[in-house]
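Open the model in your viewer and keep the selection tool at hand. The stops below are meant to be taken in order.

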Amino acid sequence: MMRLAALYVRVVDAVNYRIGRMMMYGIFVMMAILLWSSVSKTFFLPSLWTLEIAQFAMVAYYIMGGPYAVQMGANVRMDLFYGTWSTRKKAWFDAFTVLLLIFYLGILFYGGLSSTAYSLGYWGQEPAAYLAGLLTGTEEIGRLERSSTAWRPYIWPVKSIMVLGFFLMLLQAISELIKDIATLREVDLNVL
């Protein structure tokens, strides 16, 4: 069982590491968009799309980089007490808090699925079944949700990125739970 858990940790960590390293360059995308916004407002006719696309890029940067930040331990901790604890006590505390995180991420993931289904024109009560039906061809896309700004972009791409980010964060949280359990059981996952 621990070999399967070790494989899960290796795969999830590798995927989130690569995605996180790619998303680090997202800051340059946002800088380029905002630079173009400043240039176009100064010298040309201002672009309608720049502010909103910068916000969409920020969502992708933040949400898709989150699992990498958790994996690297870059999340915020109250180090007043935590820093003086033993490795075992830290693992107990981390295991407890990651369970709360998994619960929260499950709710976010379901809400994201529901919101994405709505943005694709679904108003029913089973968003997961609808989205699965879109993939299999048994469902059709309805009236697509658009932003209320002057540019009026479709909303489903950014909502889809958010759902993917929540899913990857959920996978990473489970990976962190497995690492904490391995620490408590004194098992080295790198050996398995």
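This tour of a predicted model goes from a surface patch to aromatic rings and then to a serine.

**Surface patch.** Select W36, F43, F44, L45, L48, W49 and W151, and show their surface. Together these residues make a nonpolar patch of about 820 Å². Now pick out F43, which belongs to helix α2 (residues 26–43). Is F43 buried or exposed? F43 has a relative accessible area of 63%, and because the cut-off for exposed is over 50%, F43 counts as exposed.

**Aromatic pairs.** Next, show the aromatic side chains; the structure holds nine aromatic pairs. For one of them, select F109 and F167: their ring centres are 5.7 Å apart, with 40° between the planes, and the pair is classed as tilted. F109 sits in helix α5 (residues 87–119) and F167 in helix α7 (residues 156–184), so this pair ties together parts that are 58 residues apart in sequence. F167 is partly exposed, at 36% relative accessible area.

**Aromatic cluster.** Move on to Y82, W85 and F93, which form one aromatic cluster.

**A charge over a ring.** Select R146 and Y154. R146 lies over the face of the Y154 ring, 4.4 Å from the ring centre.

**A serine in α5.** Finally, return to helix α5 and select S119. How accessible is S119? Its relative accessibility is 0%, so S119 counts as buried.

Terms used:
Residues numbered from 1 in each chain as written. Predicted model: local features only at pLDDT ≥ 70, side-chain atom pairs only at ≥ 80, totals over all residues. Heavy atoms only, no water. Patch = residues over 30% accessible without salt bridge, like charges linked within 9 Å, V, L, I, M, F, W, Y side chains within 5 Å. Areas by Shrake-Rupley, 256 points an atom, 1.4 Å probe, with all protein chains shown as cover. Salt bridge = Lys/Arg side-chain N within 4 Å of Asp/Glu carboxyl O. Helix = DSSP H or I, 4+ residues; strand = E, 2+ residues; numbered from the N terminus. Buried < 20%, exposed > 50% of the residue type's maximum accessible area, 1.4 Å probe, protein only. Phe/Tyr/Trp six-rings, centres within 6.5 Å; stacked < 30°, edge-to-face > 60°. Lys NZ or Arg CZ within 6 Å of the ring centre and 35° of its normal.
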